[in-house]
Amino acid sequence: MNSTNTSPPSFVNGNNAGGAFENTAPLGMSMSVHGNARKVTTHTLQEMKRAGEKITMLTAYDYSLARLVDQAGVDVILVGDSASNVMAGQATTVPMTLDHMIYHAQCVERAVDRALLVVDMPFGTYQGNSRHALDSAIRIMKEASGHAVKLEGGSEIVESVERILTAGIPVMGHLGLTPQSIYKFGTYSVRAKEDTEAEKLIEDAKLLEAAGCFAIVLEKIPRELAKKVAQSISIPTIGIGAGPDVDGQVLVLHDLLGITMDFSPRFLRRYLNLAEEIDGALKSYCGDVRSGDFPNDEESYTS
Ligand code: KIV
């Protein structure tokens, strides 16, 4: 007798190779909570926190790099509004629009088979009006097939978080340095060094957890505070410049690969120096064309 498949259908890439919610092995039975074949869900991340397994997260903004990131087994791919800096050359993330984010998310979504796909809600699409926030989040889910959205802020935006959640859209929070508020902060320096701001951050983290967020990014805060937050809430905390005692780490892909060489914060570890490699390759190409070495006979068609 055939068993009935009760898993919800896949919404990733429209393929049936395995639903986004498909759990073929009960959690805890495999060697790792995030065995490579399984698609990552918000529940996977929560199980990883419980199991003490670190979560990996990276940004991506285009198909080709997103494919490599997904194939490398990164758990969460964030279509970050850092696309504003990295892809568009803007000084801040403020100019990013919902249409821009949807375009990047569509490109990335086509590449993703395994990772959880989180899409940043850009500045001006969720603050101050929860109905507007819900409409924006729905556009991201319908037009770009995102799996979840990320919003910056705490108590100020909790109403929007709750409203988005009523539609069944998972929400990731983002506290600490929130780059969309750069004109309020004035600098990109470390946040919450003072007690008052640190206490508010802990309260905000608890508020976001109570509202139903599935995880929170903690950006550029003292490691001791990040550890305290990670221990105070049961949902995963993903750090960027928040030290090692959180549940996972996120970096901007182009920083990790050494493409954006003019950005060197203390927290950044570069795994490649791609800017130099690319420069060398491009200079070789120009030299080969100019000298007549490229293309050679083997690189040419004959009649
Ligand atoms: O936009 C982004 O890339 C982000 C990460 C830095 C967390 O929000």
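Predicted model: local features only at pLDDT ≥ 70, side-chain atom pairs only at ≥ 80, totals over all residues.
Local features require pLDDT of at least 70 and side-chain atom pairs pLDDT 80 or more, while totals for chains, interfaces and linings use all residues. Residues are numbered from 1 along each chain as its sequence is written.

I begin with the core. A nonpolar core is a set of buried Ala, Val, Leu, Ile, Met, Phe, Trp, Tyr and Cys residues joined through C-beta atoms within 7 Å; buried means 20 or more other C-beta atoms within 10 Å of the residue's own, with C-beta atoms placed from the backbone. The largest such core holds 75 residues, and those touching the most other members are Ala60, Val76, Ile77, Val108, Val149, Cys213 and Ile216. Beyond its neighbours within four places in sequence, Val76 is in contact (C-beta atoms within 7 Å) with Val40, Ile55, Met57, Ala115, Leu116 and Val118.

I turn to the helices, which are DSSP runs of H or I with at least four residues, numbered from the N terminus. Axes are lines fitted to C-alpha atoms over the stretch in contact, and angles run from 0 to 180 degrees between N-to-C directions.

H6 (residues 158–166) packs on H8 at about 20°, with the axes 9 Å apart. H6 is therefore roughly parallel to H8, a term for angles under 35 degrees. Here Val158, Val161, Glu162 and Leu165 of H6 meet Leu207, Leu208 and Ala211 of H8.

H8 (residues 195–211) also packs against H9 (residues 223–232): their axes come within 10 Å and cross at roughly 25°. H8 and H9 are therefore roughly parallel as well. On H8, the contact is made by Ala198, Leu201, Ile202, Ala205 and Lys206; H9 contributes Leu225, Lys228, Val229 and Ser232.

Notes
Buried ≥ 20, exposed ≤ 12 C-beta atoms within 10 Å, placed from the backbone. Contact = placed C-beta atoms within 7 Å. Helix = DSSP H or I, 4+ residues; strand = E, 2+ residues; numbered from the N terminus. Parallel < 35°, antiparallel > 145°, perpendicular 65-115°, else oblique.
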